[in-house]
Amino acid sequence: MGKIMNNYTKEFKQEAVKLVVERGRPAIDVARELGIKGGTLYNWVEKFKRHGQTAFPGKGYLMPQDEKVRQLEKELKEVAMERDILKKAMAVFSRHQK
């Protein structure tokens with residue numbers, strides 16, 4: 001059978017993490033109370049510790065550094081296409097001049 005993926009809101013994740021990080025409650029107890037797997041909550045806590053408030057950007061959104069990489073990759077692709085077009089144009093014009 002397939003694995004069922006639950007989608008949790010950013011707010012839900014932040015509140016769950018706060019119970020562990022700020023209030024010092026055991027993650028396994030919080031997970032059990034919220035009806036989620038302990039490993040899931042541990043992952044959220046680790047992400048929060050590494051990235052702070054930007055840890056859970058939301059569905060379809062990227063973390064700020066990932067968004068910057070995506071933008072730069074897009075720009076690089078466009079510049080490479082422009083370069084290739086110019087190379088082809090140079091080849092065409094240089095053939096006609098001979």
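**E15 is partly exposed in this predicted model, at 47% relative accessibility.** "Partly exposed" lies between buried (under 20% relative accessible area) and exposed (over 50%), using a 1.4 Å probe and protein chains only. The side chain of E15 meets that of K18 in a salt bridge, 3.8 Å from N to O. A salt bridge here is a side-chain nitrogen of Lys or Arg within 4 Å of a carboxyl oxygen of Asp or Glu. K18 is also partly exposed, at 31% relative accessibility. E15 and K18 sit three residues apart in helix 1, so about one helical turn separates them. Residues are numbered from 1 along each chain as its sequence is written, and side-chain values use heavy atoms, with hydrogens and water left out. Because the model is predicted, local features need pLDDT of at least 70 and side-chain atom pairs count only at pLDDT 80 or more, while totals for chains, interfaces and linings use all residues.

**The whole protein comes to four helices and zero strands.** Along the sequence, the pattern reads α-α-α-α. Helices (H or I, at least four residues) and strands (E, at least two) are DSSP runs, numbered from the N terminus. The protein has 98 residues, and 17% of them count as buried. Take the contacts with a separation of 6 or more: residues 24 or more positions apart account for 42% of them. Contact means heavy atoms within 4.5 Å. The structure holds four salt bridges.

Buried or exposed: which is R32? R32 is exposed, with a relative accessible area of 59%. D29 counts as partly exposed, at 30%.

**D84 forms a salt bridge with R83.** The closest N and O atoms are 2.9 Å apart. D84 is partly exposed, with a relative accessible area of 31%. R83 is partly exposed too, at 45%.

**Helix 1 (residues 10-21) meets helix 2 (residues 27-34).** Their axes come within 9 Å and cross at roughly 145°. Axes are lines fitted to C-alpha atoms, for helices over the stretch in contact, and angles run from 0 to 180 degrees between N-to-C directions. Helix 1 passes helix 2 in a right-handed crossing. Which residues of helix 1 make the contact? They are F12, A16, L19 and V20. From helix 2 come A27, V30 and L34. By class, this contact has seven nonpolar, no polar and no charged residues. Ala, Val, Leu, Ile, Met, Phe, Trp, Tyr, Cys and Pro count as nonpolar, Asp, Glu, Lys and Arg as charged, and the others, Gly among them, as polar.

**Helix 1 also meets helix 3 (residues 38-51).** The two axes come within 9 Å and cross at roughly 85°. That makes helix 1 roughly perpendicular to helix 3. Angles of 65 to 115 degrees count as roughly perpendicular, under 35 as roughly parallel, over 145 as roughly antiparallel and the rest as oblique. Helix 1 contributes F12, K13, A16, V17, V20 and V21 to the contact. Helix 3 contributes L41, W44, V45 and F48. The class count is nine nonpolar, no polar and one charged.

**Helix 2 packs with helix 3 at an angle of about 120°.** Their axes are 8 Å apart. That makes helix 2 oblique to helix 3. The crossing is right-handed. A27, I28, V30 and A31 of helix 2 touch G38, L41 and Y42 of helix 3 in this contact. By class, there are six nonpolar, one polar and no charged residues.

**Q14 has its place in helix 1.** Is Q14 buried or exposed? Q14 is buried, with a relative accessible area of 14%. Leaving out residues up to four places away in sequence, Q14 touches Q53 and F56.

**N43 is found in helix 3.** N43 is partly exposed, with a relative accessible area of 48%. How far apart in space are N43 and V17? The gap is 9.8 Å, C-alpha to C-alpha, although N43 and V17 are 26 residues apart in sequence.

Conventions
A crossing is left-handed if the near helix is turned anticlockwise from the far one by less than a right angle, and right-handed if clockwise.
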